[in-house]
Amino acid sequence: MIALLISAAPVAALEQNCRFIQAKADREACYKRQEDELAAKRKPAPATDESKTLETLRQMRQEDDAVHRSINNICRGC
């Protein structure tokens, strides 16, 4: 029995296809691990760089000012 458990442990760790795991609790744990790994891969890196944020805000402000100037030129004399 011990030999079976020792030989099955590495196989279960390497098992990528969870649907072939017989025990329901182990199969659900496998699905949960895969879901967590996938979520970690999809998670974007946290934006900690304030200079990028400030640069983006500055650029948006310039674009807004350009739009306001063009609107004022169009509606003059309306």
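Select K32 and D36: their side chains meet in a salt bridge, 3.5 Å from N to O. A salt bridge here is a side-chain nitrogen of Lys or Arg within 4 Å of a carboxyl oxygen of Asp or Glu. The model is predicted, so local features need pLDDT of at least 70 and side-chain atom pairs pLDDT 80 or more, while totals for chains, interfaces and linings use all residues. Residues are numbered from 1 along each chain as its sequence is written, and side-chain values use heavy atoms, leaving out hydrogens and water.

K32 and D36 both lie in helix 2, four residues apart, about one turn of the helix. Helices (H or I, at least four residues) and strands (E, at least two) are DSSP runs, numbered from the N terminus. K32 has 45% relative accessibility and counts as partly exposed; the term covers values between buried (under 20% relative accessible area) and exposed (over 50%), with a 1.4 Å probe and protein chains only. D36, at 39%, is also partly exposed.

Next, select E55 and R58. Their closest N and O atoms are 2.4 Å apart, in a salt bridge. These residues sit three apart in helix 3 (residues 50–74), separated by about one helical turn.

Now select C18 and C30. They form a disulfide (cysteine sulfur atoms within 2.5 Å), with the sulfur atoms 1.9 Å apart. C18 lies in the loop between helix 1 (2–14) and helix 2 (24–42) and C30 in helix 2, so the pair ties together parts twelve residues apart in sequence. Both C18 and C30 are buried.

Finally, show the whole chain: three helices and zero strands.
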